[in-house]
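Me: I'm new to this one, so please pick a single part and take me through it slowly. Spell out any cut-offs as they come up.

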Amino acid sequence: MIANEMTPAVSFQNVARHFGAVKAVDALDLDIAAGEFFAMLGPSGSGKTTCLRLIAGFEQPTAGTISIFGERAEGVPPYRRNVNTVFQDYALFPHLNVLDNVAYGLMVKGVGKTERLKAAEEALALVQLPGYGARRPGQLSGGQRQRVALARALVNQPKVLLLDEPLGALDLKLRENMQEELKSLQKALGITFVFVTHDQGEALSMADRVAVFNEGKIMQVGSPQEIYQRPKTRFVADFVGSSNVLPPDFVQRYAGQRRWGSLRPEAIRITRDAGGDAIQARVSGVSYLGASTRLALDTEGLRLHASVPSGSTVPEQGDAIAFTFNRDAIHLMDEAP
Amino acid sequence: MRSDRSQSAPLGLKIAATCGLLFLHLPILLIFIYAFTTEEKSYQWPPPGLTTQWLAVTWNRPDVWEALSLSVRVAAISTLVALVLGTLCAAAVSRSRFFGRETVSLLVILPIALPGIITGIALRSAFSLTDIPFSFWTIVLGHATFCVVVVYNNAVARFRRTSGSLIEASYDLGADGFQTFRYVVLPNIATALLAGGMLAFALSFDEVIVTTFTAGQQQTLPIWMLEELIRPRQRPVTNVVAMVVVLVTLLPILLAYYLTRDGDQVAGSGK
């Protein structure tokens, strides 16, 4: 089959991967478009890493078919796939220097020495580590190793780049820098990036589209905005963006439909006057987050979280307050009550 | 407790340590001295006179050369067998999970835990039961039982300290199984194999007990030495051989020590 504009970079059709009785991935359908920055988001054990390993070829599906740019991938060993991985622990070869690490993929393919070392130098420059070639991986910081791992994968010009929690081991500041860098690198190179993470902030800020995984299944696929603002299930609402999950009774009272609903913390407004349609609540927790303060409110046997921007007056723990929200802010979920 | 490192140890401890070290090494020095004695029938202290004639005598004794050659060949082949089997076994035990994995691990180590005399008797009974005549290969077989263990132990420790994702990374970058072994696995376990191989060679080279049961009429160097001590003829020849063996084996052991000394950091533990 000839790849054209419409051929997805990666396509899963009814794919399952079972380990004995454990269904790591179960009946999964997914298309990842060419040139997309795609995030697989989910808690540990949700099947997202297994999915990545299925694309890389380290795992074979128990059932279903996987295609990479239209070519069937089952039974093709990892070394014959035009797909490269940035490993969670980077997996740099400790016995080789940085330049030989980066040139490894070209070396095993039989590219001549001068040519492959030149390509490796260029890849190092691309990840902003020019001149680091002579060092050993052990002499680099975590962030630098991460860049070397990235260069080692990119030098092979893969059709799909897989990233397994690549920022997990980095500290916050470095992580934020790398997020921006990865994103601009992906835009510049136009390579399809598939990115596994358990950090919803990372997934939302970097990806073009996000798939939320739970228990081997995809709960929802969509743009970060869709996932965040219109979660389809309680799990997605809870896992992404820590939305308030509203039980059917509550939703019926305020939105008129007996459905599960979600309400984002920033949609809740604290008011002084308890009149009108304001809801009475007691403040049971206050956490200062810098740009905002997060309040835990107990009302009608329900715990809701509200986000109050910094600068406004913040109630104290134990205060009785009232809150309102725009009725339209309640998002109704597909999940049946 | 004192943490002051410059604090000198008490005099009593210094003397005790010195005596301990002397006790360990003076007898070896004694062997060296007797290699140059003029008295050839008994070990007389102090030596009545010193001479270097035994070096030449030893050089011209064909039985020394035969025993040395047999020992070197046996040790070389046993080490080679142990390197292949020990590495394969270590790879299987540390890289995959299968039913009976712990049992296999224990059974591989068992020959070195068993007294050599048991291994020897067992092999001898097995050989006579199956009508296998004693030969070069029966000695190699006997030695391989414990040489494999040494290589296995070294290799398995190194495999455990080598991150499994290195092999996956190599596959991922386009290297097939052979290339991965050649460019990633081997460089990472090479020093462990070298150390294990040298130890295996040394163990095989001075083995007496198992060899007595599996050699028949053949004489390896240690067995030749043992026989030589009983005969009161040209005794210092044995000492000359012993001295040469000490000097020759010391070098690889020192080399192995220096090669594996820095191997403590975990390979591929990059964060």
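Reply: Let's start with A:Glu215, which sits in the loop between strand 9 (209-214) and strand 10 (217-222) of chain A. Helices (H or I, at least four residues) and strands (E, at least two) are DSSP runs here, numbered from the N terminus. The model is a predicted one, where local features need pLDDT of at least 70 and side-chain atom pairs count only at pLDDT 80 or more, while totals for chains, interfaces and linings use all residues. Residues are numbered from 1 along each chain as its sequence is written, and chains are lettered from A and ligands numbered from 1 in the order in which they are written.

Although A:Glu215 is not a glycine, its phi is positive, about 50°. A:Glu215 counts as partly exposed because it has 15 C-beta neighbours inside 10 Å. The rule, with C-beta atoms placed from the backbone, is that 20 or more other C-beta atoms within 10 Å of a residue's own make it buried, 12 or fewer make it exposed, and anything in between is partly exposed.

Now look at A:Phe69, also not a glycine, with a positive phi near 50°. You'll find A:Phe69 in the loop between strand 4 (63-68) and strand 5 (71-72) of chain A. A:Phe69 has 20 C-beta neighbours inside 10 Å, so it counts as buried.

One more loop residue: A:Gly168 lies between strand 7 and helix 5 of chain A. Its 16 C-beta neighbours inside 10 Å are why A:Gly168 counts as partly exposed. From A:Gly168 to A:Tyr288 is 120 residues in sequence and 24 Å in space, C-alpha to C-alpha.

Ten of the 13 residues in helix 4 are buried, including A:Arg145, A:Val148 and A:Ala151.

Beyond its neighbours within four places in sequence, A:Ala151 is in contact (C-beta atoms, placed from the backbone, within 7 Å) with A:Val102, A:Ala123, A:Leu124, A:Leu126, A:Val127 and A:Leu129. A nonpolar core is a set of buried Ala, Val, Leu, Ile, Met, Phe, Trp, Tyr and Cys residues joined through C-beta atoms within 7 Å. In the largest one, with 104 residues, A:Ala151 and A:Val102 are among those touching the most other members. Helix 2 of chain A gives the most to this core, eight residues. Domain 1 (10-234) and domain 2 (242-332) of chain A both contribute, so the core lies between them. Those domain bounds come from an automatic or database domain assignment.

The C-alpha centres of the two domains of chain A are 38 Å apart. Four residues of domain 1 and five residues of domain 2 take part in the contact.

Finally, chain B: 20 of its residues are in contact with 24 residues of chain A. Helix 7 (165-172) and helix 8 (177-205) of chain B each supply at least two residues of that side of chain B, and helix 7 has the largest share, six residues.

Notes. Two residues are in contact if their C-beta atoms, placed from the backbone, lie within 7 Å.
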